[in-house]
Amino acid sequence: MEISQLSRSRRPKWHYVAVGVGLITVAVALTVAWQILAAPEAAARAVGPARTLWQFTRPHTITATTASVVTLWLLAVTDGTGARPSVPNLVATLLVCLATNVYITGINQVVDIDIDRINKPRLPLAAGSMTRRQGVVVSVTCGVFALVAAAAMSTALTVTVAIG
C-alpha cells in the first residue's frame, strides 16, 4: 500500500488547487471569447450587440475582479479555521462583484464620453455604437442588481457594493 506524502490535514487543500485550476481554465476561455468578440469587423457584425455590450463591460476589469474574488474565496477556504465557504456563495458573490464592476466602469464611460472620444475612441459610447441612454440603463440595472443581491446575501457585501 502506497502512503501519500501529504498529511491528512493537507490533502483537502488539493481539492481547492484543482478548483483554482478549473477557474483559471474558465478565465482563459473567457479571454478567448473576449478575443473573438473583439475580432475584426467581419466577425463583429455576426455578434454586434453582444460585442458592444461586452466592450462596454471593459473585459480587462472583469478579469481582475474575478481573480480577486476567487483568490479571496480560496484564502478563506484554506485559512485553517475550518470555515467552508460554499461554491454557490462564491458564484453569487462573483455575480454581485461583476455587476458592481459593470456599474462603475459604465458610469465612468457615461460621464467621460467626450474624453473617451479622444483617449479611448473604440469604447462603445465614444464610438457611437451604444447611446448614452443605453449606457445609463445597463449601468443602473447592474448597480441596482448588485445592491439588491448583496443585501440578500450579507451586510458586509452590501457595504462593499455601496462603497464601490
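Trainee: What pattern does the protein follow along the sequence?
Mentor: Reading along, you get α-α-α-α-α-α-α-α-α. That's nine helices and zero strands. Keep in mind that this is a predicted model.

Trainee: How much of the protein is buried?
Mentor: Buried residues make up 30% of the 164 residues. The protein exposes about 10,500 Å², and carbon and sulfur atoms supply 67% of that.

Trainee: And what share of the contacts links residues 24 or more positions apart?
Mentor: Counting contacts with a separation of 6 or more, 62% are between residues 24 or more positions apart.

Trainee: Let's go inside. Which residues touch the most other members of the largest nonpolar core?
Mentor: That core has 19 residues, and the ones touching the most other members are Val-69, Leu-90, Val-96, Ala-146, Ala-150, Leu-157 and Val-161.

Trainee: Which elements give two or more residues to this core?
Mentor: Helix H4 (59-77), helix H5 (87-111), helix H8 (132-153) and helix H9 (155-163) do. H5 gives the most, with seven residues.

Trainee: Okay, take Val-69. What is Val-69 in contact with?
Mentor: Leaving aside neighbours within four places in sequence, Val-69 contacts Leu-90, Thr-93, Leu-94 and Cys-97. There's also another core, apart from the largest one, with five residues, including Phe-56, Val-110, Ile-113 and Met-130.

Trainee: What does Val-161 touch?
Mentor: Not counting residues up to four places away in sequence, Val-161 touches Val-96, Thr-100, Ala-146, Leu-147 and Ala-150. As for Ala-149, its C-alpha is 9.9 Å from that of Val-161, and the two are twelve residues apart along the chain.

Trainee: What caps the N-terminal end of H5?
Mentor: Ser-86 does, with a side-chain oxygen 3.2 Å from the backbone nitrogen of Asn-89.

Trainee: Another serine, then: is Ser-139 buried or exposed?
Mentor: Ser-139 is in helix H8, and at 0% relative accessibility Ser-139 counts as buried. Its side chain reaches the backbone nitrogen of Ile-107 at 3.5 Å.

Trainee: What else is Ser-139 in contact with?
Mentor: Besides Ile-107, the contacts of Ser-139 are Phe-56, Val-102, Tyr-103 and Gly-106, leaving aside neighbours within four places in sequence.

Trainee: Phe-56 again! Which residues are buried in helix H3?
Mentor: In H3 (residues 48-56), those are Arg-51, Thr-52, Trp-54, Gln-55 and Phe-56. Just after H3, Arg-58 takes a positive phi of about 55°.

Trainee: Switching topic: how many salt bridges does a search of the whole structure find?
Mentor: One. The side chains of Arg-117 and Asp-114 meet there, at 2.9 Å from N to O.

Trainee: Where do Arg-117 and Asp-114 lie?
Mentor: Both are in helix H6 (residues 113-119), three residues apart, about one turn of the helix. An α-helix has 3.6 residues a turn, so residues three or four places apart point the same way.

Trainee: And is that pair buried or exposed?
Mentor: Arg-117 counts as partly exposed at 46% relative accessibility, while Asp-114, at 57%, is exposed.

Conventions: Residues numbered from 1 in each chain as written. Predicted model: local features only at pLDDT ≥ 70, side-chain atom pairs only at ≥ 80, totals over all residues. Heavy atoms only, no water. Helix = DSSP H or I, 4+ residues; strand = E, 2+ residues; numbered from the N terminus. Buried < 20%, exposed > 50% of the residue type's maximum accessible area, 1.4 Å probe, protein only. Contact = heavy atoms within 4.5 Å. Areas by Shrake-Rupley, 256 points an atom, 1.4 Å probe, with all protein chains shown as cover. Core = buried A, V, L, I, M, F, W, Y, C linked by side-chain atoms within 4.5 Å. Polar contact = N/O pair within 3.5 Å; in protein donor to acceptor, adjacent residues only side chain to side chain. Salt bridge = Lys/Arg side-chain N within 4 Å of Asp/Glu carboxyl O.
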